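Here are my notes on the model you sent. Please read them with the structure open.

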Amino acid sequence: MPDPTDLRAVLDAAYDLAPSLAKAEATRDIHARMARVVPFADWARFAPYVIEINRLKAERNAVVLAHNYMTPEIFHGIADHVGDSLQLAIRATEVAAEVIVQCGVHFMAETSKVLNPGKTVLMPDMGAGCSLASSITAADVATMRARYPGAPVVSYVNTTAEVKAASDICCTSSNAVKIVEAMESDTVIMTPDQYLARNTAAQTNKRIVWWEGACIVHEQYTAGELRDYRRLDPGVAIIAHPECPPEVVAEADYTGSTGGIIDWVTTHRPAKALLVTECSMASNIADALPDVEFAKPCNLCPYMKMITLEKVLYSLHTMTGAVEVAPDLAEGARRAVQRMIDVSRG
Ligand code: 13P
Ligand code: SF4
C-alpha cells in the first residue's frame, strides 16, 4: 500500500472523484439499500468511487467478496457477494472471475487464495489483520499437540495459512459444534479463540482445550452492560456473536455467526435489537428491516475498517495488493479449509 498522498495522486490523475450530486442521483437505486444509515450528502462523496469500481470490475473480470463487517457503501455499493466467513469461503470456491477483491481482513484473502491458486486475489490493505490470527503460530500449534497427544486441532478460519496448514481442520463460528463433533477423538484442541472454544464446549460432550486468543471487538462486551440494557428496555432482543465471552453469550436471546445473526433478525423481526458484535452489521441490514430499531452500542473492528472505497479503487486500478501463499502452506491450508467445507455440507 503506497503512502496515502501517492495513492491520492494516482487516483486523481486517473479519475474525477470529486463529490457529485449528479453521480449520486444516477446511482439512487444503490443508495436506496442504505438510505437509513448513509445520508444522501455522504452518498455524493461515495458515488464517484462506486461508479469507477463497478466499471473497473467488469474491465478486469473481477468480483468483490465482502464480509458482513464492511461499511454500507462497500457492502451495498460494490460487493458481488456478501456473507460470513463460511459463506465467503464457500463462495470463493465457486467464483468464475479471474480476479477476487477481498473486502475483509487478510486471513479471508488468504483463504480465497488457497482455494483459488490460479486466480489473483487482491487485498486493498495488507495491514488489515486480526487479533485472533496474530495470536498464534504454527509452532504454537505444535506445542498444543505435544501437550495433548493424539487430539485433533480444529482452527478457526481466523488464522494464517501457516496455522491452517498445521491444523487438522478449520471451523467458523457457524459450524464449530458440527466440526468438533465430527472429530473421532474425545479431546479436541480448538485454536485460537478461547471464547469460541468455551462457547462450543458448552454445546458438546467432547473435552475442548483451547488457545488463549481473543477478538478485540467481542472480548470488550460484558454481561453487566447487557443486563443494564435489558433492565432499561425489557423488550430488546439481544443477539451475540460466539466470539463473545460465555457470560455475555449467556445473556443473549440468540448466538450465531454474522450470517446467523442476519437470518435470526430477518426471521424474528424484533421491534428492537441489540447486536453484540461489530458496528457495520446493524448498518448493513437496517434498510432491509425498517421495522427493527437497532440499539447501540457496538464495537468497531479497526482492521475491517481499514478497507475503504479509495483503497479498493487503487488496488483494482493498479492491480496491486495481490496475496501470495507459499505452495506447500497453501496445500496444507486448502486441505484444512476444504475438509471443513465438506464436513459442514455433510
Ligand atoms: P463470521 O462472519 O464467520 O461470524 O466471523 C466474524 C468475524 O469476526 C470475522 O472476522
Ligand atoms: Fe479479527 Fe475480531 Fe476484527 Fe473479526 S472482528 S477481524 S475476529 S479482530
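1. The chain contains 17 helices and 12 strands. Keep in mind that this is a predicted model.

2. Overall dimensions come next. The C-alpha trace spans about 60 × 55 × 35 Å along its principal axes. The radius of gyration is 20 Å. For 346 residues, a compact globule would have a value near 20 Å, so the chain agrees with that expectation.

3. Now burial and contacts. Of the 346 residues, 56% are buried. Take the contacts between residues at least 6 apart in sequence: 63% of them join residues at least 24 apart.

4. Charges: the chain has 31 positive and 42 negative ones. Their mean positions lie 3 Å apart.

5. How many aromatic pairs does the structure hold? There is one. The ring centres of Tyr254 and Trp264 are 5.8 Å apart, and the ring planes meet at 20°. Stacked pairs have planes under 30 degrees apart, so this pair is stacked. Tyr254 sits in strand β10 (residues 254-255). Trp264 belongs to helix α14 (residues 258-268).

6. Are the two partners buried or exposed? Tyr254 has 24% relative accessibility, so it counts as partly exposed. Trp264 has a relative accessible area of 16%. The cut-off for buried is under 20%, so Trp264 is buried.

Conventions: Residues numbered from 1 in each chain as written. Chains lettered and ligands numbered in written order. Predicted model: local features only at pLDDT ≥ 70, side-chain atom pairs only at ≥ 80, totals over all residues. Heavy atoms only, no water. Helix = DSSP H or I, 4+ residues; strand = E, 2+ residues; numbered from the N terminus. Rg over C-alpha atoms; globule rule 2.2 N^0.38 Å. Buried < 20%, exposed > 50% of the residue type's maximum accessible area, 1.4 Å probe, protein only. Contact = heavy atoms within 4.5 Å. Lys, Arg positive; Asp, Glu negative; His and termini not counted. Charge placed at Lys NZ, Arg CZ, Asp CG, Glu CD. Phe/Tyr/Trp six-rings, centres within 6.5 Å; stacked < 30°, edge-to-face > 60°.
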